[in-house]
Amino acid sequence: HTHTHTRPRPFLFLLPPHALLLLHPQKQTRANRFYFSTNTATFGSLNNLNRDFKSPALHEVLFRDILFVHAPSGVWASYHNVSNGSLSFGAFVESYGGFHCYKNAGETGFNMTAGTLTGGAHLCFDTRLYINAMDGEGSQAGCPRGVTGNNDAFGPSWNTDGGSQNDCPFNDPGIQTSLGPCTVGSTSGPGEYCTGGSLTIDGVGFGEALGLNTAPRGTGGNNMRVYVR
């Protein structure tokens, strides 16, 4: 018998996460989120892994399964049958058509198939993967818009209590548990996050929420490797 093995292909390597946001994240975030969907630009080099790297695979590989491997912790999470194999990851994110309030009935994430990720308190004891998660402002009803600090995630993210706010669910997923792109929805301008200063937290997916980002900031030691197949 001849066996064909499909090897997962990496499409995104984020070091550090908000290098995707260029120099002014409070102004650039909303535009740069499309690196995860329709913007087919690639950047970086495998010879410089202390910088962001984006492979054409994000737009070219038709995928079903997705794997996240955090460094330096080695904690990983795999999600199978996220897609049906007819879309690239970029097209998959685009198919969501915008942000989703996962506190609403009928909105759900993808169950973890395998991995060492555990859903601690700061992940609201939840290991599911979410796409384009809207800031639910924790215990407030629904996903209120226009409040200072609305912080939505674009692309993959996880549930979060907002870190020191300890208020589940989906409290500031853009800055707490996304892979970089986040948006501030306040009509009065940037809120408490996405401002590039000392208040900016490098989520690196579930890394920040679980205290896994132990490498010095700016060294590229805290990163997430993402593979699809």
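**Overview: the whole chain.** Of the 229 residues in the protein, 49% are buried (under 20% relative accessible area with a 1.4 Å probe, protein chains only; exposed is over 50%, and partly exposed lies in between). This is a predicted model, where local features need pLDDT of at least 70, side-chain atom pairs count only at pLDDT 80 or more, and totals for chains, interfaces and linings use all residues. Residues are numbered from 1 along each chain as its sequence is written, and side-chain values use heavy atoms, with hydrogens and water left out. You'll find 4 helices and 10 strands here (DSSP runs numbered from the N terminus: H or I of at least four residues for helices, E of at least two for strands). Among contacts with a separation of 6 or more, 64% join residues 24 or more positions apart (contact means heavy atoms within 4.5 Å).

**Close-up 1: aspartate 65 meets arginine 229.** Their side chains form a salt bridge, 3.0 Å from N to O (a side-chain nitrogen of Lys or Arg within 4 Å of a carboxyl oxygen of Asp or Glu). Aspartate 65 sits in the loop between helix H2 (57-60) and strand S3 (66-71), while arginine 229 is in the segment after strand S10 (223-228), 164 residues apart. Aspartate 65 counts as buried because its relative accessibility is 13%; arginine 229, at 37%, is partly exposed.

**Close-up 2: arginine 128 with aspartate 126.** Here's another salt bridge, with the closest N and O atoms 3.0 Å apart. Arginine 128 comes in at 31%, which makes it partly exposed. The count for the model is 2 salt bridges.
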